[in-house]
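Open the structure in your viewer and keep the selection tool at hand. This tour goes stop by stop: select, look, move on.

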Amino acid sequence: MGEIKLTDVNKSFGSVHVLKDIDLHIKDGEFVVFVGPSGCGKSTLLRTIAGLEKVTGGEIQIDGKRVNEVTAADRGLAMVFQSYALYPHMSVRQNLAFGLENSNMPKAEVAERIGEAARMLEIEPYLERRPGQLSGGQRQRVAIGRAIVRRPTAFLLDEPLSNLDAELRVSTRAELAALHARIGSTMIYVTHDQVEAMTLAHRIVVMRAGKIEQIGTPLELYNTPANRFVAGFIGAPHMNFLSGEVVEKEVGNATLLIGGSHRLLVPMSDRKLSVGDKLTIGIRPQHITLANDPGSLRVKVRLVEALGSETVIHADLNGEKLLAVVPGQRQISPGDDAHFSVAGAPLHLFDGNGSRVKG
Amino acid sequence: MGVASRFILRRRGGKGWHWTDIVTWLWLVGGLIIMFGPAVWLAFSSFKTPAALAEFPPSILPYVTQQATVQGYDKPLQLFEAKLPDGSTRVLAEVRRIGVMSQMVDPKTPGEIIKVNMNDRTPVRTLSFATENYTEPFVHFDFLRYLWNSVFVTVTATLITLIVNSMAAFALSKYEFRGRSVAMLIILATLMVPLSVIMVPLYSIISSLGLFNSLWGVILPTVATPTGVFILRQYMLTIPDELIDAARMDKASEWQIYWRIVLPLTAPALAVLAIFSVVWRWNDFLWPLIVLSRRELYTLQVGLSIYSGELNVQWHFILAMTVVTMIPVVLVFIFLQRFITTGIAGTGLK
């Protein structure tokens with residue numbers, strides 16, 4: 001079992017309030033990713049769950065039992081650290097055995113568990129080596145192995161891929177997903193990389209400044225971000241944000257003015273909005289198409305990145321930056337005028353506070 | 001020319017001499033003589049007889065004047081190379097000296113006395129090592145007992161120093177608690193208090209604890225050294241906290257974290273402190289002299305001082321025993337210095 005429930009968790013370091021009223025319910029076997037910019041408190045939240053930091057308010061439950069006062073060792077969790085934190089003076093085998101020996105496990109069982117984990121992670125040839133003699137990817141496996149042999153109720157992973165090179169990161173990411181499918185334990189994963197979050201998570205927890213901004217499946221976050229921050233954080237390249245103004249309002253629809261002159265008819269059920277309200281319109285770069293009709297947005301091209309399979313166009317619309325990712329290769333160069341069409345594109349509307357406006 | 005000599009003899013000026021080459025050579029050779037000269041003199045002089053030691057001008061190597069037993073004389077006579085009035089030189093034995101004239105005999109024809117001016121003769125000297133300087137103290141003087149006392153004090157004090165100081169350093173580097181920096185500052189501040197200032201109170205503490213005239217009375221006051229705590233703490237600060245968090249997740253107790261994780265990783269700093277501690281304790285003189293008043297408890301350094309009596313200083317024995325007392329310290333340096341230069345356990349972290 002590996003059900004973790006956080007209720008109103010708060011954490012301060014002196015006068016610095018790092019975690020603010022965190023409510024989170026992680027189901028058994030779930031793969032949850034905490035994502036957010038650096039300093040948002042995601043690592044602190046993970047360490048709080050691990051028991052390495054004490055909460056200053058609220059309650060943490062593991063499998064229905066309050067664990068606020070339980071030490072890290074007795075919470076039954078295992079953690080993989082960003083630096084791997086392998087004991088440099090011990091061989092790989094000793095690294096794996098250390099935690100088991102500390103819980104007075106019989107030697108035969110220790111050997112069996114190490115053998116099993118080593119087979120699973122393909123680190124058998126390195127068992128007698130020291131961590132200093134391993135490559136980054138191998139160390140990473142050993143760090144995961146050290147967690148696996150403990151057979152924990154849940155795995156806590158603190159940016160485990162950030163020290164690997166790009167190629168290894170992609171393959172290790174796939175291995176992690178396969179590993180989770182195989183052992184089926186709860187995993188909590190911290191990263192600042194939204195691609196990792198999107199590819200691995202069942203549910204993503206987006207955090208900012210010690211608060212949870214949104215919890216949802218990757219596609220929920222992508223399709224219906226709860227606020228401007230989440231909209232900007234999830235998806236690559238980032239979502240475009242244009243300022244707009246409500247100029248006409250009917251039942252179920254509204255007309256917005258964007259880019260100074262362009263009128264856009266959008267479905268809108270929010271009744272609180274009225275004519276004259278300022279809004280932010282979010283459009284994903286992939287949803288913009290190149291068009292020729294004069295009703296589309298007329299932009300100035302600033303930079304073109306030809307990636308072969310797609311072309312990234314950096315453009316300028318009355319002083320606002322606009323990014324478009326269009327498929328294929330295009331004959332377009334900086335300085336050109338272009339027409340961007342947003343017809344049919346899913347639009348995300350945010351009010352002055354950055355909250356999503358119902359479409 | 002070998003690679004080594006080419007490296008050592010390389011000059012900035014290429015084939016010529018740049019002025020920095022000259023300064024460098026003078027500085028290094030001068031430094032070698034100043035630093036190493038006394039040690040060499042000590043080592044060679046420890047093999048000199050008392051007479052050779054008293055000689056002026058002193059020599060580096062231990063020479064003795066050769067002697068020969070000549071028929072008709074009870075004692076062996078000293079041999080000299082004498083310049084005779086006819087210009088030839090012969091090896092003669094000196095019978096006695098009267099004023100500036102020396103009465104000499106040829107060992108082959110002992111009957112005939114030859115008179116030679118003192119300035120016309122030079123002693124026939126050969127290199128000779130007076131090993132009795134070393135063997136005598138072992139027989140007549142309780143050298144082995146003093147050696148054992150010194151070894152016991154040094155080893156025990158060093159072990160306790162390493163354990164006590166590393167524990168303090170562990171707490172001061174890895175635990176967050178109120179007053180941590182104040183505690184560290186106070187420990188460092190004690191560096192400024194010399195032994196002579198606290199000698200009297202220390203003496204009364206030792207005496208009231210009943211440790212007077214006991215080797216533990218020498219050991220215990222020295223084991224907590226601020227320098228040691230400082231060296232170890234600075235080193236432990238470089239051990240990543242994530243390792244300790246990992247050990248905590250691995251169900252390690254605080255003692256296990258200290259003993260199995262932090263201590264092995266501090267080995268290079270421990271080696272440095274061990275060297276310091278061995279040298280300090282081995283060379284300690286004043287404090288053992290105060291605490292120990294029974295002869296059988298003397299450490300080597302105190303024992304050596306017996307040789308310098310009020311009227312008669314037996315330099316040859318002092319020099320020889322000084323060489324012996326230096327050996328362990330030199331050995332410690334030879335064996336442990338690699339720990340200083342190479343950290344035995346690279347951190348293994350990115």
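**Stop 1: two helices in chain B.** Select helix H5(B), residues 143-174, and helix H9(B), residues 226-237. H5(B) and H9(B) cross in a right-handed way. Keep in mind that this is a predicted model. Two packed helices are described by the angle between their axes and the distance between the axes. Here the angle is about 50°, and the axes are 8 Å apart. An angle of 65 to 115 degrees would count as roughly perpendicular, and one under 35 degrees as roughly parallel. H5(B) and H9(B) are therefore oblique to each other.

Now show the side chains where the helices meet. On the H5(B) side, pick residues including Thr161(B), Asn165(B), Ala169(B), Phe170(B) and Leu172(B). On the H9(B) side, pick residues including Gly228(B), Val229(B), Leu232(B) and Met236(B).

**Stop 2: Thr65(B).** Stay in chain B and select Thr65(B), in strand E1(B), residues 63-65. Thr65(B) and Leu79(B) are 14 residues apart in sequence, yet 6.9 Å apart in space, C-alpha to C-alpha. Leaving aside neighbours within four places in sequence, Thr65(B) is in contact with Gln78(B), Leu79(B), Pro123(B), Val124(B) and Arg125(B).

**Stop 3: a strand in chain A.** Jump to strand E3(A), residues 31-35. Five of its five residues are buried.

Which strands pair with E3(A)? Strand E8(A), residues 186-191, runs parallel to E3(A) and is joined to it by five bridges. Find Val32(A) opposite Ile188(A) in E8(A). Strand E9(A), residues 203-208, also runs parallel to E3(A), with four bridges. Val35(A) has Val206(A) as its bridge partner in E9(A).

**Stop 4: the nonpolar cores.** In soluble globular proteins, nonpolar side chains tend to be buried together. The largest nonpolar core in this model holds 120 residues. Those touching the most other members include Val33(A), Phe34(A), Ile188(A) and Met79(A). Another core, of 20 residues, lies apart from it, with Tyr146(B), Leu215(B), Leu297(B) and Phe317(B) among them.

Finish by selecting Met79(A). Not counting residues up to four places away in sequence, Met79(A) touches Ala50(A), Ala147(A), Leu156(A), Asp158(A) and, in chain B, Met249(B).

Note on methods:
Residues are numbered from 1 along each chain as its sequence is written. Chains are lettered from A and ligands numbered from 1 in the order in which they are written. This is a predicted model: local features need pLDDT of at least 70, side-chain atom pairs count only at pLDDT 80 or more; totals for chains, interfaces and linings use all residues. A residue is buried if 20 or more other C-beta atoms lie within 10 Å of its own, exposed if 12 or fewer, and partly exposed in between; C-beta atoms are placed from the backbone. Two strands pair if DSSP finds at least two bridges between them. Two residues are in contact if their C-beta atoms, placed from the backbone, lie within 7 Å. A nonpolar core is a set of buried Ala, Val, Leu, Ile, Met, Phe, Trp, Tyr and Cys residues joined through C-beta atoms within 7 Å. Axes are lines fitted to C-alpha atoms, for helices over the stretch in contact, and angles run from 0 to 180 degrees between N-to-C directions. Angles under 35 degrees count as roughly parallel, over 145 as roughly antiparallel, 65 to 115 as roughly perpendicular and the rest as oblique. A crossing is left-handed if the near helix is turned anticlockwise from the far one by less than a right angle, and right-handed if clockwise.
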